[in-house]
Structures are given as structure tokens and as C-alpha cells.
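Let's take a friendly walk through this model together.

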Amino acid sequence: MSDSALFPLSEEHKMILDAARDFAKNEIAPIAAEFDESGKFPSETIKKMGDMGFMGIEVPEEYGGAGMDTLAYVLALEEISKVDASHGTIMSVNNSLFCHGILKFGTEEQKKKFVTDVASGEKIGAYSLTEPMSGSDAATMRSRAVRDGDEYVLNGRKSWVTGGPVADYVVVYVMTDPEKGHKGITAFIVDANKPGFVRGKKEPKLGIRASATSEIVFEDYRCPVENRLGEEGQGFKIAMSVLDVGRIGIASQALGIAEAAYEAALEYAREREAFGKKIGQFQGISFKLADMKTRIEAARLLIYNAAMAKERSKTSNERFTLAASTAKLFASETAMFCAHASVQIHGGMGYSKELPVERYFRDAKITEIYEGTSEIQRLVISRLELGLR
Ligand code: CAA
């Protein structure tokens, strides 16, 4: 985060920014490489992040959160992700995909029962839309829920669930009426520690390795009617509207990765010598740095724009899909651009595990894929611009 003149931060925002920066430096930086290598879920630091209020930044205090606004959320998420994108992913899913969805669409009982412990970091929340044969085309899911008295019986296989191996609660999207296509999808809040919830294979991933990801399988899982989120058939719209929020989070994560890659490259360009000069004195390097910096600042503006649009939507109820998708598209491609350039500027050292630059490169890639690929963001943006939706 730079102190942009366009956005003089309030005292409250400066406070959360500093708290996230200090926490990331003192608590996450020393363990990031080790957890990336082992792929172990960083439960201890996540609990501490809960104590700091980072796991439910926008959740009202009465439901265990910090009661702050969207700008506070994106500032903190950027700082955490700058040091370790895995922690950023876990934080983003808890805040955006889990807590936000229940706060927006849930009943009072659901907010008390499920949001409070997740926002305080005591428990882990997850979101599950994707299936092995249904990723970008999310409405084609095959998992089923059939009503049986006061319960629904869920069956099916979900994939790529962030937090799947450790989650306590999952908001899952399942077909209740396949005849109706996307209008036949319903959302449920499921307790992962009940019979019929089976944690499937853990994904061996290229990046964000400490944010455990797995399949989950429902085998006659019985979900009480009171744990249905929204009405029957409303699930797809809930999933999409929650992803609008999620995408602002991923954009902030991407910005954090881009900045980490950029700052490492800048430092290296100032120190490393070749052909009798600091390498930053060669245009081949300095122009790369200029392009990285420019994209980072542009991504930041798109993210703040999306954060403000989301903040306004709290009273106007207006959609902010365009702002979220443009921010996510640009920031994730900026992360990849910067990580790629940073490895190149570092040469062999960029390829070595002795420096975190190769981790930034591996972590950056996921931001162009999850919560809607760059192709899906282009589809969403162009459809809106052409008036096709
Ligand atoms: N907010 C509210 N409603 C929305 C919406 C939004 N952002 N986007 C669409 N809708 C509504 C539409 O208005 C439409 O409503 P009507 O039926 O009343 O007309 C309905 O949803 C269907 O919309 P579309 O016709 O546009 O749907 P589509 O089938 O063409 O799909 C899509 C649109 C954009 C491609 C969508 O499927 C999509 O976003 N795909 C990507 C899915 C994705 O991001 N997956 C990532 C999962 S999470 C993850 O990565 C794992 C993790 O744990 C982090």
C-alpha cells in the first residue's frame, strides 16, 4: 500500500493497515516458506488472525467480527497476501465467500450460529460451488438435494473447495430441481462434522500450498431445512452475488502478490551489478520496473473503486459486478505480470527456493483462475457492456 494522495486514509484505516502489516511481518513471514513447502494448514496463525479481527473484518461486532468497512478489508487482505498468499486465501474465503453470504442471505439464527465462530477465527468456513465436470459453467452441477420432511438429503461430489480438509462449515450449492437449470439450484450451510460429509482427496497444488484444498463428497448427508440459505432455487444468484464480493478479495490478494514481487525486483535491481553497472541502470530492467509500478497503481484504483461500490451497495442494494470483475481481471493479470518480471529480473536467483520470488510466481497464477478465470471475467464484463445481461 502506498500513501496515495487520492486516498488519504482515515485513522481507523491506517490502524488496520499497520496492524495487518505488522502481523504479517512478525507472525507470517517467518513461517511462510515452511508452510508452502509442507502444504500444512497454518491453524495457529489463522487463530491469531481471528483474535486480531482479520477473519471477519466487515462482520458486525454482534456476530463476532470487527465491524469495519470494505476498504478496511481490502487494505488488510493486501498486506497479509503481500507476505503470504496462502494466508490471504484463507482470510478471503472466510470473510467474503462464507461470512458475507450468510450475513446477506441468512436468517438471524444462521448468522448467530454460523457466522460468529467463523468471524472470530474459532472455526473455518468454506464455499463450495465447483464440481469435477462443472467449473466455469457453474449452473451445470450434478449434485442433488432431495427434501425429506424437515431435512434435505444431499448426494454428490464437489471439488476445489478451499479449506475443504479443515472446514467446520461449508456453504454448498446443490441442485434441488434439475429441470429448472440454474433456477433449480439451492444453497445450504452444512456442518462438516456430521455423518455423510466426507472429505475427499487433497489437491497437490502449484501455489497457495498452505491453503488446504480438497474435494468433498456428500453421501446421504442430512441437512435440516433451517440450514437452507435463502429460498429453494435462489442458490445460483446467491453464489454469483457472493462471488462479486469474493472477486474483490482475490483482486486485493493479487495486488499484495504483485507488490511483493515488485519490491523484491526493485531492491535487486538497485544492488545487483552486471557489465560494470547496477542492473537497474539498464533500460531492459528499469522499464520493466516502470511497467510493474504503473500496473500496480492502476490495480489499486480499480480495487478501491470496487470496494467503494460494494460499500455503497450496503444501502442502495445495487449490484457491483462490473467493478468487481474489472478489478479482479486487472489485478490478477498484474500479479502474474509482476511475478513473471520479478523472476526474470532476478535471473537464476528468481528460480531458486532461497528467495520467495519463485513462490510469488507460483501463487500469482491461481488469481487468474479461481473465483472465475480471466476468461469468465471478460465474459461478465463484455456481457454487461454490451447490454446482454
Ligand atoms: N449477482 C446476482 N445475480 C446474478 C449475477 C450476479 N453477479 N450474475 C448472474 N446473475 C443472475 C442473472 O441475472 C440470471 O438471473 P435470471 O435467471 O433471473 O435472468 C442468472 O443469475 C443466470 O445468469 P447467467 O445467464 O449470466 O448465467 P450463466 O449460466 O450464463 O453463467 C457465468 C454466468 C458468469 C459464466 C457464471 O457461471 C460464472 O461466474 N462462472 C464462474 C464460476 C466461478 O467463479 N467459480 C469459482 C468457484 S469458487 C472457487 O474458486 C473455489 C474457492 O474455494 C475459492
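## A pair within helix α7

E311 and K314 sit 3 residues apart in helix α7, so about one helical turn separates them. Their side chains meet in a salt bridge, with N to O at 3.2 Å; the term stands for a side-chain nitrogen of Lys or Arg within 4 Å of a carboxyl oxygen of Asp or Glu. Both ends are partly exposed, E311 with a relative accessible area of 28% and K314 with 45%. Here buried means under 20% relative accessible area, exposed over 50%, and partly exposed in between, using a 1.4 Å probe and protein chains only.

This is a predicted model, in which local features need pLDDT of at least 70 and side-chain atom pairs count only at pLDDT 80 or more, while totals for chains, interfaces and linings use all residues. Residues are numbered from 1 along each chain as its sequence is written, and side-chain values use heavy atoms, leaving out hydrogens and water.

The structure holds 28 salt bridges. One of them joins the side chains of R300 and E259, N to O at 3.1 Å. That pair links distant parts of the chain, 41 residues apart: R300 belongs to helix α7 (residues 283-316) and E259 to helix α6. Helices are DSSP runs of H or I with at least four residues, strands are runs of E with at least two, and both are numbered from the N terminus.

R378 and E333 form another salt bridge, their closest N and O atoms being 3.0 Å apart. R378 lies in helix α10 and E333 in helix α8 (residues 321-346), 45 residues apart.

## Around the ligand

Which residues come closest to the ligand? They are S136, H182, K237, D244 and R389, from a shell of 27 residues, each with a heavy atom within 4 Å of the ligand. Domain 2 (126-233) and domain 3 (236-386) both contribute, so the ligand lies between them; the domain bounds come from an automatic or database assignment.

A polar side-chain atom of D244 lies 2.9 Å from a ligand nitrogen, and one of R383 lies 3.0 Å from a ligand oxygen. The protein covers 81% of the 1100 Å² of accessible area that the ligand has on its own, by the Shrake-Rupley method with a 1.4 Å probe.

Notes. Polar contact = N/O pair within 3.5 Å; in protein donor to acceptor, adjacent residues only side chain to side chain.
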